[in-house]
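Keep the sequence at hand as you read.

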Amino acid sequence: MSKFLKGNYEIADKEGGGTSGTVNDDFSKVFESKALEKLGGSIAFVVKKDQFVWDGGDDVQ
Amino acid sequence: MAVMMFSEEQFRLLSEATLKKTAGLGLQHARENLPYLGKTIRDLQTELVAKTPAPALVISAGPSLHKRNSLATIKESGFQGQIVCADGAFGHCLRNGLIPDYVLTVDPDPHRIIRWFGDPRLSERPEDDYFRRQDLDPALHNDEYRKNEEMIRLVNQYGPKIKLIISTSASPEIAKRCLDAGMTLYWWNPLYDDYDRPDSVSRAVFRLNRVPCMVTGGNVGTSCWVFAQTILQSPDVILVGMDCSYPPGTKPENTQYYEYLKEIFPEDPAKGLVRIFNPHLEETWLTDPGYYWYAQIFRQLVKMAPGRTHNCTEGGILFGEGIEFRGLAETLASLS
């Protein structure tokens, strides 16, 4: 028997949880720091035109 | 709104920071990988065209993979679909008798990533406690050299059965290692940035090697999910080990970016960590800016995915619209 709920719904503000819609001041300090670059992801990310794969476009012609 | 979000500006800053961190080395590796290039992910898609798309399991290396013993559940289920494994989960899969169909790698780190494939030059690498500090794979905590030898042996043994979905950003040592192990390689470029920018890295790398550029999601786990959605065209993609966070009670020093959080918050590095309540689990998990960014990206990407996404990690903070957060056993049973 699964104890997990299926589906998705909005969470109420819970003690110890994240506050919806805002980032606390401490967390914002991260973005003011030069260490931000090191905190980034494993690899760059972008998505454009809802495409998952770009095959070179006009560069292929 | 279900969870707290970065502002658009913060999201952009993290994206730019990651591009700055990874593009130079990624391009360098793309040049060094030229001698190893062969088939691409589009060639694989052509090879698969006659097969009916099947559900795909994407195995990432988050802490729940071990805590929930997800591999035992997968093996017991007799799952018949495709198994796509992130490089960081590869050793755990092989040690537990689960041979993935595909392994995917993308991170350009020149010293750490090859460890996942068995590093023939482990003794020559710079001193690094990255693996020992974290819960990435408990097997790496002790006796690293013996475990590395075991990994070399396992990869050599099972390599011929496994397809490596390798980004051109990966170290050429990984290409060589995996070719020596008998794997078949399929190449892709990361989609680094907007290809219409005049200084686009994506366009530069495409012009270098004519290899398709795939959306990464910022990390190897999401790249696996994109691969399953786009190249395998799986109607159902099941995630395990994709926590994007750390379990309740994790010490800050055991988080992935602790050394950088110490720079920002020298008095209390834990200030750089965020607590997120997961209503499905009724638990509060800990995350950091990098992993929180991954979760936010995933929530964006899932809206454009052709196939369904079932998060069966049974942990973590990846939930929201378009993500079915479910138990693993029941999901595998429902898809069999």
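Two strands pair if DSSP finds at least two bridges between them. Helices (H or I, at least four residues) and strands (E, at least two) are DSSP runs, numbered from the N terminus. The model is predicted: local features need pLDDT of at least 70, side-chain atom pairs count only at pLDDT 80 or more, and totals for chains, interfaces and linings use all residues. Residues are numbered from 1 along each chain as its sequence is written, chains are lettered from A and ligands numbered from 1 in the order written, and side-chain values use heavy atoms, without hydrogens or water.

Start with strand β3 (residues 102–105) of chain B. It runs parallel to strand β4 (residues 163–167) of chain B, and four bridges join the two. B:Tyr102 sits opposite B:Lys163 in β4(B).

Both strands belong to an open sheet of 10 strands with mixed pairing, in the order β1(A)-β6(B)-β5(B)-β4(B)-β3(B)-β2(B)-β1(B)-β7(B)-β10(B)-β11(B). Its edge strands are β1 (53–54) of chain A and β11 (323–325) of chain B; each pairs on one side only.

Now look at β10 (residues 308–311) of chain B, which holds B:Thr309. B:Thr309 counts as buried because its relative accessibility is 2% (buried means under 20% relative accessible area, exposed over 50%, partly exposed in between, with a 1.4 Å probe and protein chains only). Its contacts (heavy atoms within 4.5 Å), leaving aside neighbours within four places in sequence, include B:Val237, B:Leu239 and B:Phe298.

Finish with the helices. B:Phe11 and B:Leu14 are among the residues of α1(B) that meet α12(B), where B:Trp293 is one of the partners.
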